[in-house]
Amino acid sequence: MGVSRDDRGGQRRLISTGSPFEKTAGYSRAVVDGDWCFVSGTTGYDYETMAIPESVEEQTRNCLSTIRAALTEGGFEFADVVRAHYYVTDRAFVSRVFPILGEAFGDIRPAATMVVCELNEPEMKIEIEVTALKRNRTAS
């Protein structure tokens with residue numbers, strides 16, 4: 001993780017999972033800029049083991065877990081997500097991942113798009129990216 005000043009004098013925080021892909025490709029898992037958090041496309045890898053499960057369902061759960069950790073590290077919550085992009089490699093996966101996505105985002109209901117496409121590696125079946133805007137939170 002790092003902090004850098006931007007041209008406007010603000011600060012942005014870079015959040016990393018420690019994945020070797022981030023260094024190789026030159027990106028951050030997430031970038032926090034003010035009240036915004038931009039989480040990069042996240043695939044189904046378990047970054048502790050660098051393994052990816054076979055099923056699209058488990059890959060989806062891993063994506064969401066990694067995204068949740070990045071948001072939390074940046075001071076955000078899933079409830080702050082305002083936009084989500086989902087990329088799956090097979091049209092048949094859509095109905096298999098919808099219930100899992102509904103568990104995570106059903107009450108939040110961000111603006112969302114799902115695209116059927118190829119991903120970078122053949123074992124990758126889903127990739128998710130989100131944008132979050134920090135909400136005003138009241139103390140309870």
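The second largest pocket has a volume of about 210 Å³ in this predicted model, for which local features need pLDDT of at least 70, side-chain atom pairs count only at pLDDT 80 or more, and totals for chains, interfaces and linings use all residues. Residues are numbered from 1 along each chain as its sequence is written, and side-chain values use heavy atoms, with hydrogens and water left out. Pockets were located on a 1 Å grid over the protein atoms alone: a cavity is a set of points where a 1.4 Å probe fits but cannot get out, a pocket is an open set with protein on both sides within 12 Å along at least five of seven lines, and lining residues have an atom within 4 Å of a point. Grid points are joined across faces, edges and corners, and a volume is the space filled by probe spheres set on the points.

The lining of the second largest pocket includes Phe21, Ala25, Tyr27, Arg29, Gly41 and Thr43, together with Tyr47, Asn120, Glu121, Met124 and Glu127. At least two of the lining residues come from each of helix 1 (20-25) and strand 4 (36-43); helices (H or I, at least four residues) and strands (E, at least two) are DSSP runs, numbered from the N terminus. By class, this lining holds 5 nonpolar, 3 polar and 3 charged residues, where Ala, Val, Leu, Ile, Met, Phe, Trp, Tyr, Cys and Pro count as nonpolar, Asp, Glu, Lys and Arg as charged, and the others, Gly among them, as polar.

The largest pocket has a volume of about 240 Å³. It is lined by 14 residues, of which Thr17, Tyr47, Glu48, Thr66 and Ala69 are the closest to its centre. Helix 2 (residues 56-73) provides the largest share of this lining, with 6 residues. The lining of the largest pocket comprises 5 nonpolar, 5 polar and 4 charged residues.

Confidence was examined through pLDDT, the predictor's confidence in each residue, from 0 to 100. The chain averages a pLDDT of 90, and 90% of the residues score at least 70. Over residues 1-6, however, the pLDDT is below 50, although this stretch has 16 contacts in the model beyond near neighbours in sequence; contact means heavy atoms within 4.5 Å. Where pLDDT is low, the predicted coordinates should not be read in detail.

The largest nonpolar core contains 28 residues, and those touching the most other members are Cys37, Leu64, Leu71, Phe105, Ile128 and Val130. Such a core is a set of buried Ala, Val, Leu, Ile, Met, Phe, Trp, Tyr and Cys residues joined through side-chain atoms within 4.5 Å; buried means under 20% relative accessible area, exposed over 50%, and partly exposed in between (1.4 Å probe, protein chains only). Two or more residues of this core are given by each of strand 3 (30-33), strand 4, helix 2, strand 5 (81-88), helix 3 (94-105) and strand 7 (126-133). Leaving aside residues up to four places away in sequence, Leu71 touches Cys37, Val39, Phe76, Glu77, Phe78, Val81 and Ala132.

Several strand residues are buried. Ala84, in strand 5, has a relative accessible area of 0% and is therefore buried. Beyond four places in sequence, Ala84 touches Pro110, Ala111, Ala112, Thr113, Glu129 and Val130. Its C-alpha lies 9.9 Å from that of Gly41, 43 residues away in sequence. Thr131, in strand 7, is likewise buried, with a relative accessible area of 18%. Ile15 belongs to strand 2 (residues 11-15) and is buried at 1% relative accessibility. By C-alpha positions, Ile15 and Pro53 are 24 Å apart in space and 38 residues apart in sequence.

Loop residues were also examined. Gly34, in the loop between strand 3 and strand 4, is partly exposed, with a relative accessible area of 49%. Apart from neighbours within four places in sequence, Gly34 is in contact with Gln11 and Phe76. Most residues other than glycine have a negative phi. Met50, which is not a glycine, has a positive phi of about 55°. Met50 is placed in the loop between strand 4 and helix 2 and is partly exposed at a relative accessible area of 30%. Arg109, also not a glycine, has a positive phi of about 50°. Arg109 lies in the loop between helix 3 and strand 6 (111-116) and counts as exposed, at 70% relative accessibility.
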